[in-house]
Amino acid sequence: MQRTDKERVVAELTERLRTTRTLIVADYRGLSVSELDDLRTELLKHRARFSVVKNTLTRRAAEAAGADALLALLEGPSAIAFLEAEGDPVAVAKALGDVARTTRVLAVRGGILEGSPISAEEVENLAKLPSADVLHAQFVGALAAPLTTVVGIFTAPLRDLVGVLSARIDQLQAQGGGAVEEERAEDEPQAEEEPQAEEEEIETAPAEEATEPVEEGES
């Protein structure tokens, strides 16, 4: 490869790494040309481009783009699935996992999910989750959970968000539809037959003090 060609490739990779928030790296050694083509076609359906890259050039691009987390994954022949902003990381992880199982050749090394590094094991766990469409539908159901649970979901680290949602969805499905109603009933204030003296004093406090909003603590 001529020097000008190398510079062009590095520039293209640098730009792609700067604009890609999610990618998965795999060792493709042993895959045939037809298997690579089939995998590329499948990943394109999920808005991901699977590119075989030269490690020396990719390292230069990663350093230029500030993608230091990628450097540790560039050992041996490498191919990278670059996801577009609308890409489905779960579907991409599933597709790579399927090829790894059927060919016993492809090996996922890890990747970057929304800017955070993930291991090969985390990619495998990602592949076990429902697809984006199914997860979205289940997430709507999860919003019926108590407010404290929903707040906990949104304050979880971004890389753990999918796992938190999946765990909550599994819990709701295991408990059945009545679980939500039970949780709501538990959250409703219970009337006491004999209020304590302190409670009577609170009830006689001025209206503006009694209705002063209470700030929710951080979850």
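Which residues have the most contacts inside the largest nonpolar core? The first legend answers this. The model is predicted: local features need pLDDT of at least 70, side-chain atom pairs count only at pLDDT 80 or more, and totals for chains, interfaces and linings use all residues. Residues are numbered from 1 along each chain as its sequence is written, and side-chain values use heavy atoms, without hydrogens and water.

**View 1. The largest nonpolar core.** Leu-39, Leu-43, Phe-50, Val-92, Leu-96 and Leu-106 have the most contacts inside this core of 24 residues. A nonpolar core is a set of buried Ala, Val, Leu, Ile, Met, Phe, Trp, Tyr and Cys residues joined through side-chain atoms within 4.5 Å; buried means under 20% relative accessible area, exposed over 50% (1.4 Å probe, protein chains only). At least two core residues come from each of β1, α2 (33-45), β2 (48-53), β3 (78-83), α5 (89-103) and α6 (120-127). Helices (H or I, at least four residues) and strands (E, at least two) are DSSP runs, numbered from the N terminus. The largest share, 6 residues, is from α5.

**View 2. The buried side of α1.** Val-9, Val-10, Leu-13, Thr-14 and Leu-17 of α1 are buried. They lie on the same side of α1, because they cover an arc of only 135° around the axis, taken from the directions from the helix axis to the C-beta atoms. Thr-4, Arg-18 and Thr-19 are exposed on the other side.

**View 3. Thr-20.** Thr-20 sits in the loop between α1 (3-19) and β1 (23-27), buried at a relative accessible area of 13%. A polar atom of its side chain lies 2.7 Å from the backbone oxygen of Arg-16.

Methods
Polar contact = N/O pair within 3.5 Å; in protein donor to acceptor, adjacent residues only side chain to side chain.
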